[in-house]
Each structure stands twice: as structure tokens, then as C-alpha cells.
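Here is a short walk through one protein chain, written for someone meeting it for the first time. Have the sequence and the model open while you read.

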Amino acid sequence: PMLDTEDAWLSVEGPVSIVELALEQKRIHYPLAEHQFVLCAVLYTIMRLSLKGVKPLSLFDSKGKNAFFKDLTSIQLLPSGDMDPNVLSIRQQFLLKVVSAAVQTLCSSQKDREVSEEDYFPFEKGKNWPSLAADLAQYLQISGDLVRRHYVCELYSYGMDDLGEE
């Protein structure tokens, strides 16, 4: 991009401006940054819902694991559309575990009082964990409908029929 500057600024001495430094940086490889985002979302979900026995790196194949340790500006070979069925099974189990933990949290916070759905998750206002799991399903190549169906089944099993109908 062209940066127009006034003549008075050309004679200024000092450190390089942050705009010039930013323009000199290499461009990131967006799919690699997106891949890192998925790992961060998985780790955050595990932490916030206190999921036990989940190994986050088991959700990725060997290409995916190697890509985590590369520079974001490098063009990396990321996992293709064809995934190992074992990895897909582990991913599916993880997402269903997330939904189950979210509904359990929802149920335990609802026992004493009648509250809105946003108040069910007191740790983040407006954070809907089942919908986050459905969004992650898209990145992890799992059917979002499967996650939503499990959510509805969990709601019914915990006696929250009104939410299940919605």
C-alpha cells in the first residue's frame, strides 16, 4: 500500500514507526492460523469445562501436529479432506463430551432458580458451549447435526424439555 506522508515528517529521526514495521512483515498463511485457532478453542474448552482425560493433540493427525510447530508465515502441508476414521472418532467423542459437560453445568446451575439460558453458563455471559461445539465440528470435519442432536438428547435426559423443544 502507498503511504502518503507530509514533507515535514520525512526529516524526523527516531525509531521506525509501527506502521512501517507492520508493512515489512511477511504475510501469514491463513489456513495455518485457522489451524492454530482450532487448537486454542479446544484447549480453552477443555479448561473451562474441566474435561478430564482429553488429550488435545490426539484430535489431530501427524500433519496437523507438525503444523503447530511451524512459523505462521510458512506454507505448510495441512491435513487434507481425507481423515483417518480413528481420528474422526476421537474428535466426535470429544465434541459429544463437550456438549454433555455443558448441559451438566447448565443443569446444576438451574436447580435452585428459574433463569434464562444465557445465565446457565455463569463463567462467560453469552457463551453458548453447545453452539461452540457445533462450530468446532465444522473445523474438525464432524457433522454439526450430530452434535446438535446429542445436545437435544442431553437436554431431554436432564429433564429440560422446554429447551430441548427449542
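What you're looking at is a predicted model, where local features need pLDDT of at least 70, side-chain atom pairs count only at pLDDT 80 or more, and totals for chains, interfaces and linings use all residues. Residues are numbered from 1 along each chain as its sequence is written, and side-chain values use heavy atoms, with hydrogens and water left out.

**The overall picture**

The chain has eight helices and zero strands. Read from the N terminus, the order of elements is simply α-α-α-α-α-α-α-α. Of the 166 residues, 33% are buried. The accessible surface of the chain is about 11200 Å², and carbon and sulfur atoms hold 53% of that; such areas come from the Shrake-Rupley method with a 1.4 Å probe, and for residues only the protein chains shown count as cover.

Now for contacts, meaning heavy atoms within 4.5 Å. Take those with a separation of 6 or more: 69% of them link residues 24 or more positions apart.

**Helix α6 and what follows**

Which residues of helix α6 are buried? In this helix, which covers residues 129–139, they are W129, P130, L132, A133, A134, L136 and A137. One of them, A133, has its C-alpha 8.2 Å from that of G144, eleven residues away in sequence. G144 belongs to helix α7 and counts as buried because its relative accessibility is 19%.

Between α6 and α7 there is a loop, and Q141 sits in it. Its phi is near 60°, a positive value in a residue other than glycine. Q141 is partly exposed, with a relative accessible area of 37%. You'll find S50 in the loop between α3 (30–48) and α4 (62–67), partly exposed at a relative accessible area of 48%.

How many salt bridges does a search of the whole structure find? It finds one, a salt bridge being a side-chain nitrogen of Lys or Arg within 4 Å of a carboxyl oxygen of Asp or Glu. The partners are the side chains of R148 and D145, at 3.3 Å from N to O. Both lie in helix α7 (residues 144–157), and because they are three residues apart, about one helical turn separates them. In general, an α-helix has 3.6 residues a turn, so residues three or four places apart point the same way. R148 is partly exposed, with a relative accessible area of 45%, and D145 is partly exposed too, at 47%.

**Patches on the surface**

Patches are made of residues with over 30% relative accessible area and no salt bridge; like charges are joined within 9 Å, and nonpolar side chains (Val, Leu, Ile, Met, Phe, Trp, Tyr) within 5 Å. For charges, Lys and Arg count as positive and Asp and Glu as negative, while His and the chain ends are not counted. The place of a charge is taken as NZ of Lys, CZ of Arg, CG of Asp or CD of Glu.

A negative patch is formed by D161, D162, E165 and E166. D161 is in helix α8 (residues 161–165), and E165 is found in that helix as well. The C-alpha of E165 is 7.8 Å from that of V152, 13 residues away along the chain.

The nonpolar patch consists of I18, V19 and L23, with about 290 Å² of accessible area together. V19 lies in helix α2 (residues 18–24).

| Residue | Relative accessibility | Class |
|---|---|---|
| D161 | 35% | partly exposed |
| V19 | 42% | partly exposed |
| E165 | 61% | exposed |

**A last stop in α3**

A33 is found in helix α3. Leaving aside residues up to four places away in sequence, A33 touches I28 and L72.

Notes: Helix = DSSP H or I, 4+ residues; strand = E, 2+ residues; numbered from the N terminus. Buried < 20%, exposed > 50% of the residue type's maximum accessible area, 1.4 Å probe, protein only.
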